[in-house]
Amino acid sequence: TDYRFGGKNPDAGLDCSGMVSYIYERATGLRLKGSAADIARQGRNIERAQLRPGDLVFFSDSVDPIGHVGMYIGNNQFIHASSGKVCVVITSLSSSYYSNHYTGAKRTIQ
């Protein structure tokens, strides 16, 4: 799926919060609305060592303390809509950029 700022539909393109919202709504019926920072206000904080597939991971960017969100998929990887890659991609949490900008994780489903 292509990246599109503000995108909420995979046919037209997704941004990071749109991708997370789309997946969660279809998989669980849970609606996560708003930006990455808005989504970060939901769920409970978890430590990085406690991550399991489906947890949300958050990152700072050049503008916001929480400017990006992805979904942890296991094996130290997460899926996210990347503006830099202009598509949905899988990235390692250990990659230089994301390791340095990691701000925390939330679990919204028990």
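A salt bridge is a side-chain nitrogen of Lys or Arg lying within 4 Å of a carboxyl oxygen of Asp or Glu. Keep that in mind as we walk through this structure. It is a predicted model, in which local features need pLDDT of at least 70 and side-chain atom pairs count only at pLDDT 80 or more, while totals for chains, interfaces and linings use all residues. Residues are numbered from 1 along each chain as its sequence is written, and side-chain values use heavy atoms, with hydrogens and water left out.

Let us begin with the overall plan. The protein has 3 helices and 8 strands; here helices (H or I, at least four residues) and strands (E, at least two) are DSSP runs, numbered from the N terminus. Read from the N terminus, the elements follow the order β-β-α-α-β-β-β-β-β-α-β. The radius of gyration, 12 Å, is close to the 13 Å that the globule rule gives for 110 residues, so the protein is as compact as a globular protein of that length. That radius is taken over C-alpha atoms, and the globule rule is 2.2 Å times the number of residues to the power 0.38. Along the principal axes, the C-alpha atoms fill a box of roughly 35 × 30 × 25 Å.

How much of the protein is buried? Buried residues make up 39% of the 110 residues, where buried means under 20% relative accessible area, exposed over 50%, and partly exposed in between (1.4 Å probe, protein chains only). As for contacts (heavy atoms within 4.5 Å), residues 24 or more positions apart account for 45% of those with a separation of 6 or more.

Setting aside neighbours within four places in sequence, L56 touches residues from several stretches of the chain, including V20, Y24, L32, I39, V69 and A105. For a sense of distance, the C-alpha atoms of L56 and T28, 28 residues apart along the chain, are separated by 14 Å.

Now back to the salt bridges. Side chains of opposite charge can pair when their charged atoms come close. How many salt bridges does the model contain? The count is 4. One of them joins D55 and R107, with the closest N and O atoms 2.8 Å apart. D55 lies in the loop between β3 (44–46) and β4 (56–59), and R107 lies in strand β8 (residues 102–107), so this pair ties together parts that are 52 residues apart in sequence. Both D55 and R107 are buried.

R41 meets D38 at 2.5 Å, N to O; R41 is exposed at 61% relative accessible area, and D38 is partly exposed at 31%. R31 pairs with E25, their closest N and O atoms being 3.3 Å apart. Of these two, R31 is exposed at 53% and E25 is partly exposed at 31%. R26 joins in as well: E25, R26 and R31 are linked in a network of salt bridges.

A pocket is found on a 1 Å grid over the protein atoms alone: it is an open set of points where a 1.4 Å probe fits, with protein on both sides within 12 Å along at least five of seven lines, and lining residues have an atom within 4 Å of a point. The second largest pocket holds about 160 Å³ of space. Helix α1 gives the largest share of its lining, 5 residues.

The largest pocket has a volume of about 350 Å³. (Grid points are joined across faces, edges and corners, and a volume is the space filled by probe spheres set on the points.) Which residues lie nearest the centre of the largest pocket? They are Y3, C16, D61, G67 and H68, out of 20 lining residues. At least two lining residues come from each of α1 (16–28), α2 (36–39), β6 (77–82) and α3 (96–101).

Finally, look at the backbone. Most residues other than glycine have a negative phi. N75 has a positive phi, near 55°; this residue is in the loop between β5 (68–74) and β6 and is exposed at 69%. V86 also has a positive phi near 55°, and V86 is found in the loop between β6 and β7 (87–92).

Technical notes
Grid points are joined across faces, edges and corners, and a volume is the space filled by probe spheres set on the points.
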